[in-house]
Amino acid sequence: MRPRRSAVLAAFAAALLASNADAAQAPTYVVPPESLPRALGPQPVPFDHKVHAQQRIGCLDCHPGAETRERAGIPDRDRCMLCHRSIATDRPGVRQLARLPAGSKIRWARAYRVPDFVFFSHASHSAASLACATCHGPVETRAELSQEVSTSMTACMNCHAEREASNECYLCHDLGQ
């Protein structure tokens with residue numbers, strides 16, 4: 001374990017223990033400004049979540065791993081073309097998709113990302129019956145996405161405290177053990 005990371009984890013553990021001294025009230029941590037939601041850049045292919053949701057296309061139709069895997073996954077060209085072989089074929093974005101070779105990955109601008117030293121499991125959050133909107137915001141109402149919910153450690157710890165879920169360090173971090 002790198003010395004800097006050890007010092008950060010030690011300081012965090014001390015702060016966590018101090019904040020848990022009053023067990024009657026769930027701790028609330030302050031979200032640092034740099035981890036507040038941010039806007040995305042342009043997507044490589046135009047995509048409107050709102051239009052797809054209005055057609056009753058659910059999150060799992062495009063992100064099938066969200067309930068069962070660590071990562072939800074993002075759709076590639078072939079997943080999009082399952083529907084768009086025959087739907088909205090005249091739209092420029094669909095024509096753009098159709099011109100891509102089969103099996104092409106689309107380099108979507110990601111709205112949510114956690115640091116490499118953090119483990120986040122979509123499967124465990126799904127098993128806890130959390131709706132996608134809990135962590136991703138009301139995506140189904142958005143034509144364009146932005147990060148609406150912070151993925152900072154502070155925000156995650158607040159969410160766990162509100163739901164009386166464990167905030168043990170090892171659940172999200174490899175502590176070198």
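Which helices do the buried residues of H4 pack against? The close-ups below, taken from a predicted model, begin with that one.

**View 1. The buried side of helix H4.** Let's start with H4, which spans residues 77-84 and has Arg77, Cys80, Met81 and His84 as buried residues. These residues cover an arc of only 100° around the axis, so they sit on the same side of H4. In an α-helix there are 3.6 residues a turn, so residues three or four places apart point the same way. The partners that the buried residues of H4 pack against are helix H2 (49-54) and helix H5 (92-99).

**View 2. Histidine 52 in helix H2.** Here we look at histidine 52, which lies in H2. Its relative accessibility is 17%, and because buried means under 20%, histidine 52 counts as buried. Leaving out residues up to four places away in sequence, histidine 52 touches Phe47, Ile57 and His84.

**View 3. The largest nonpolar core.** Six residues make up this core: Val45, Cys80, Met81, Leu97, Ile106 and Trp108.

View 4. Arginine 77 and aspartate 78 join their side chains in a salt bridge, 3.1 Å from N to O. Arginine 77 is buried at 11% relative accessible area, whereas aspartate 78 is partly exposed at 27%.

**View 5. Another salt bridge.** The structure holds 4 salt bridges, and one of them links the side chains of arginine 142 and glutamate 148 at 2.8 Å, N to O. Arginine 142 is partly exposed, at 28%, and glutamate 148 is partly exposed too, at 25%.

Note on methods:
Residues are numbered from 1 along each chain as its sequence is written. This is a predicted model: local features need pLDDT of at least 70, side-chain atom pairs count only at pLDDT 80 or more; totals for chains, interfaces and linings use all residues. Side-chain values use heavy atoms; hydrogens and water are left out. A nonpolar core is a set of buried Ala, Val, Leu, Ile, Met, Phe, Trp, Tyr and Cys residues joined through side-chain atoms within 4.5 Å. Buried means under 20% relative accessible area, exposed over 50%, partly exposed in between (1.4 Å probe, protein chains only). Helices (H or I, at least four residues) and strands (E, at least two) are DSSP runs, numbered from the N terminus. The arc is that of the directions from the helix axis to the C-beta atoms. Contact means heavy atoms within 4.5 Å.
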